[in-house]
Amino acid sequence: MKIQLINPNTTIAMTAKMAMAARQVASAGTQILAVQSATGPASIESAVDEALALPGLLAQIQAGEAAGVDAHVIACFGDPGLRAAREIASAPVIGIAEAAMQLACLVSASFSVVTTLASTVPTARRLLQDYGMTGRCARVRATGIAVLELEANTSELLRQKIGKECRLALAEDGVGAIVLGCAGMADLCTELTEELGVPVIDGVTAAVKLAEALVGLNLRTSKQGDYARPGAKPYIGVMAQFALAA
Ligand code: 2AL
């Protein structure tokens with residue numbers, strides 16, 4: 001099966017990092033096609049970044065659908081454009097935040113999220129509300145680390161900083177699991193799980209395994225109800241490519 005792993009920011013080194021994490025957990029028959037947006041911000045850390053990342057992301061969803069991929073993963077912890085992507089896709093579309101939160105709920109009564117800058121916390125809180133998981137998440141903790149600091153290999157200093165915040169979450173929040181709040185933290189998941197002795201869930205790897213499960217069960221995005229394909233209408237200017245065929 002072919003899973004399209006989309007980095008909705010435009011930083012190529014970050015795409016390579018998440019692709020490596022995805023390939024480490026993918027089954028033998030799974031091909032990870034890693035791409036990033038061709039237009040948009042270098043990282044997504046605010047509502048403005050998110051809004052301006054969406055055209056590039058949706059273009060990749062359209063391209064992946066045309067190429068016949070079996071599933072899409074949106075690899076940014078804000079799950080940008082998830083509902084819009086599901087409206088235009090027939091294949092399943094999985095956001096890494098929803099994937100990580102769902103898996104955390106299966107292995108622990110509650111979890112905390114350890115994320116990047118404080119500016120990303122409102123988005124994580126909104127997602128928890130959208131997904132009906134506010135009661136399962138004790139706290140969303142910012143580390144003050146910018147997404148682009150995690151772009152390639154995570155430095156020892158940042159590993160220490162993230163590890164410390166995870167330990168604080170376990171000591172203070174009464175949780176049994178940690179959700180990592182950025183695709184750029186994917187390389188820390190295994191070592192933190194061993195170090196902390198609790199489930200540490202990275203959304204990229206969680207989404208890949210959930211995508212394999214959905215494809216294996218022949219479950220595709222429903223085209224009835226909430227994710228029905230939008231009707232055709234003209235779009236003009238730089239958005240003209242998003243005009244759907246009738
Ligand atoms: C992210 C992420 O995963 N990629 C990105 O550009 N921003 N999320 C975050 N919470 O900072």
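Predicted model: local features only at pLDDT ≥ 70, side-chain atom pairs only at ≥ 80, totals over all residues.
Visitor: How many helices and strands does the protein have?
Guide: Both are DSSP runs numbered from the N terminus: helices are H or I with at least four residues, and strands are E with at least two. Counted that way, the protein has 8 helices and 8 strands.

Visitor: What is the radius of gyration of the protein?
Guide: This radius is taken over C-alpha atoms, and the globule rule is 2.2 Å times the number of residues to the power 0.38. For 246 residues the rule gives 18 Å, and the protein comes close to that, so it is as compact as a globular protein of that length. Its radius of gyration is 17 Å.

Visitor: Which domains is the protein divided into?
Guide: The bounds come from an automatic or database domain assignment. The centres of the two domains, taken over C-alpha atoms, are separated by 21 Å. Their contact (heavy atoms within 4.5 Å) takes 24 residues from domain 1 and 32 residues from domain 2. The division is into domain 1 (2-96 + 206-242) and domain 2 (98-202).

Visitor: Is D79 buried or exposed?
Guide: Buried means under 20% relative accessible area, exposed over 50%, and partly exposed in between, using a 1.4 Å probe and protein chains only. D79 sits in the loop between β3 (71-74) and α3 (82-88). Its phi is near 45 degrees, a positive value in a residue other than glycine. With a relative accessible area of 4%, D79 is buried.

Visitor: And N218, buried or exposed?
Guide: N218 lies in the segment after α8. Although N218 is not a glycine, it has a positive phi of about 60 degrees. Its relative accessibility is 62%, so N218 counts as exposed.

Visitor: How many Å apart in space are G231 and I96?
Guide: G231 is found in the segment after α8 (203-216). At 55% relative accessibility, G231 counts as exposed. G231 and I96 are 135 residues apart in sequence, and from C-alpha to C-alpha their separation in space is 28 Å.

Technical notes
Residues numbered from 1 in each chain as written. Heavy atoms only, no water.
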